[in-house]
Amino acid sequence: MIGSKTVSRRGALKLAAAATALPLVHIRTAGAAGKVSIGFWDHWVPGGNDVMQKQVNAWANKNKVEVQADFITGNGNKLSLTAAAEGEAKAGHDALTYYNWDVHNFADSLEPIDDVMGRLIAANGAVNKTCSYLAHTKRGWVAVPTSSGTQTKPPCARISWFGKHGLDLQAMYPAHPGATPQQADWTWETFRKYAALAQQDGMTFGLGLGGGTNTDATDLHGALFRSFGAMLIDSEGTIQLHSPEMQQVMEFARGLVKYYPNDAVSFDDASNNRALISGKSALIFNPPSAWAVAKRDAPKVAADCWTFPAPKGPKGRFVPTASFFWGVHNFSPNKTAAKELIEYLMQRPQVEERCNVVDGYDLPPYASLLDFKIWETVEPPKGTVYNYPIRPWHQQEPNLTASEASPDVAVQIYNRAVHNQIMARIREGESDKQVLAWAQDEIEGYLR
């Protein structure tokens, strides 16, 4: 958990890329007229890649363009390493998938795409705040926010266990429009109360404190801090560790972390999934992947799961997000075709078809594309992921951990899992003074 300062993510990725062989990189030549290549994220849901390939083929046949579509795993940072290698070589795919911070990290290699975004926003509504923060720069839009892989990470909890302790999750957040009176009482204080009850019952809330491989925990704790109005550093570069809001969230955390699993500091992003599927966890924060695996491997657990918004803090309700983008390389010899393909793939019929195939896992980051029927009909139980997209009556906002800071600093805070480390140090019994002194030193290192 406690390590030395590192170089920025952009520098780290470029160094890693230089030493890594990447067979998935398709190096093109300037003479490849009439062809376009695109690197997609390799979807974890069976059928996700197939429907994407089908749509690509349909566009290619209609436009008489030869398209090479590669599906690149997100495991081992392969997407990031591919972007780094192609950016350095100034050759590779015409278009590529970018995850979260990679849009900012490799923006210098991306073609401005305001024309496409203008039409997509006109057709589909405004883009959510997280995607705008990552992909809208001083130069304008440098990548298109895509639905493929984009997700929120809200609570997914066991209906029967909460019901036994007096909280009807389905009544609090039903699978139909509209707020309920119970929603006002779903706060972080309430959350902590149920975490204590879970521990008493020999269950857990599957919450981690791991490092860089535990992004679920990083995303969760960033949303927790944000809901208290606490930030580590602001957009002007002023460190904010000694604010009243920081003191308040740390005081709350001291009462919460004692209910984390005993092995929380060794969690990775699969740990909470395993905890839910095993039947030993009453609640996790995750997209519907854990539920989907339970549907296959532990049907009784899946039928007892309900997904619903994050708890509310003194400054509001914030849900963790993870976002994917499609960018066109500025060295591409076929930028026009690449842009047209991306725009076609982000039109409503294609977005909805892909969303249906993956049981609603993919979330369109555009305001008017959150009315697909799939979230109402997926089961078991019916409507279990209805509240997975952010609905207007949820009164919650998307959150990307550390995004109160400028991207250059925020990406380092995120990759170093500073929020997780603060929580872990509190759990280990360090005083507020010790924790804040460590955080101050850590963040000052990012500013040098």
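Predicted model: local features only at pLDDT ≥ 70, side-chain atom pairs only at ≥ 80, totals over all residues.
Helix α19 spans residues 418-427 and is mostly covered. Of its 10 residues, 9 are buried. The buried set runs through V418, H419, N420, Q421 and I422, and also takes in M423, A424, R425 and I426. These buried residues pack against four helices: α10 (215-227), α11 (244-256), α18 (407-415) and α20 (432-447). After α19 comes G429, which has a positive phi near 95°.

Empty space inside the model was examined next. Rolling a probe the size of a water molecule over the atoms shows where such space is left. The count comes to 2 cavities of 30 Å³ or more.

The largest cavity holds about 70 Å³ of space. Its lining includes G206, L207 and G208, together with N214, D216, A217 and L220. F267, D268, N272 and F285 also line the largest cavity. Helix α10 gives the most to this lining, with 3 residues. By class, the lining of the largest cavity has 5 nonpolar, 4 polar and 2 charged residues. Helix α10 is also among the packing partners of the buried residues of α19.

The second largest cavity has a volume of about 60 Å³. F40, W41, H43, G48, N49, V51 and M52 belong to its lining. So do F71, S148, R354, V358 and D362. Strand β1 (35-41) and helix α2 (48-63) each supply at least two lining residues. The largest share, 4 residues, comes from α2. The lining of the second largest cavity divides into 6 nonpolar, 4 polar and 2 charged residues.

Definitions and conventions:
Residues numbered from 1 in each chain as written. Heavy atoms only, no water. Buried < 20%, exposed > 50% of the residue type's maximum accessible area, 1.4 Å probe, protein only. Contact = heavy atoms within 4.5 Å. 1 Å grid on protein atoms, 1.4 Å probe; cavity = no way out; pocket = protein on both sides within 12 Å on 5 of 7 lines; lining within 4 Å. Points joined across faces, edges and corners; volume = space filled by probe spheres on them. Nonpolar A, V, L, I, M, F, W, Y, C, P; charged D, E, K, R; others polar.
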